[in-house]
Amino acid sequence: MNKQELLKIKKKALEEKIPIIMDDTLEVIEKYLKKDKPKRILEIGTAVGYSAICFTEFLAENGVIDTIERDEKRAREARENIKKAEVEEKINIYEGDAIEILPKLNEKYDVIFIDAAKGKYTFFLNEALRMVNKNGIIFADNILYKGYVLSDYNKHKQRTAVRNLREYIKETSENPNLETEILEVGDGLAVSKIL
Ligand code: SAH
Ligand code: MG
């Protein structure tokens, strides 16, 4: 991968206020994936490709990443960025709404990274559970949403998102096939290991 280009992509994304993965979140994910490198990763929410490009460093040899983005302009920029970073053979972008694309996928994945519409996290979780391999991991970014999720905050226009994120935490915590931790890194990261 071309690290020089990655830095440029990161800088531009931050300038444009695109909510790319935070450095500490990325470090935590890297730690989880170090021992047992994933062959296949699914990402929900590509934006301009920054996190997917970073994740290529965590893949096993010949590993691949599928990533879904519904915003046409961002998907196009992600394609350009992936080319610039010289990782186009490792990343496949599905352009469209994950709500429509996920039910059509029938692949298996070692790692699934949920990072799209917060009001849809429980839907994404159920699709992820269907496709994740045993001993795999499901990560959900922004799970604490600026602290709203663990506070008594509930009168905001984002309350649907907050309610759904709380439900995600409840479902993953109560699922006997999962071992879930909620980490206060970045904007909150849920880590669910598949037992
Ligand atoms: N993972 C990226 C950041 C993603 S930001 C990174 O860390 O670099 C969230 C993205 O999810 C946005 O670009 C948004 O357009 C996309 N998104 C939101 N809801 C979606 C959906 N239902 N289907 C597909 N993409 C979605
Ligand atoms: Mg995020």
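How many residues surround ligand 1, and which are the closest?

1. The shell comes to 19 residues, with Ile21, Gly45, Glu69, Ala98 and Asp115 the closest; a residue is near a molecule if one of its heavy atoms lies within 4 Å of it. Please keep in mind that this is a predicted model, where local features need pLDDT of at least 70, side-chain atom pairs count only at pLDDT 80 or more, and totals for chains, interfaces and linings use all residues. Residues are numbered from 1 along each chain as its sequence is written, and side-chain values use heavy atoms, with hydrogens and water left out.

2. The shell around ligand 1 is made up of 8 nonpolar, 4 polar and 7 charged residues. Here Ala, Val, Leu, Ile, Met, Phe, Trp, Tyr, Cys and Pro count as nonpolar, Asp, Glu, Lys and Arg as charged, and the others, Gly among them, as polar.

3. Now for the polar contacts (pairs of N or O atoms within 3.5 Å). An oxygen atom of ligand 1 lies 2.8 Å from a backbone N or O atom of isoleucine 21. Aspartate 97 brings a polar side-chain atom to 2.9 Å from a nitrogen atom of the ligand, and a polar backbone atom of arginine 70 is 3.2 Å from a ligand nitrogen. Taken alone, ligand 1 exposes 580 Å², and the protein buries 93% of that (Shrake-Rupley method, 1.4 Å probe).

4. As for the fold, the protein chain has 7 helices and 7 strands, counted as DSSP runs (H or I, at least four residues, for helices; E, at least two, for strands). Along the sequence they follow α-α-β-α-β-α-β-α-β-α-β-α-β-β.

5. Finally, the C-alpha atoms fill a box of roughly 45 × 35 × 30 Å along the principal axes.

Notes. Chains are lettered from A and ligands numbered from 1 in the order in which they are written. A polar contact is a pair of N or O atoms within 3.5 Å; within protein, one must be able to donate a hydrogen and the other to accept it, and residues adjacent in sequence count only if both atoms are side-chain atoms.
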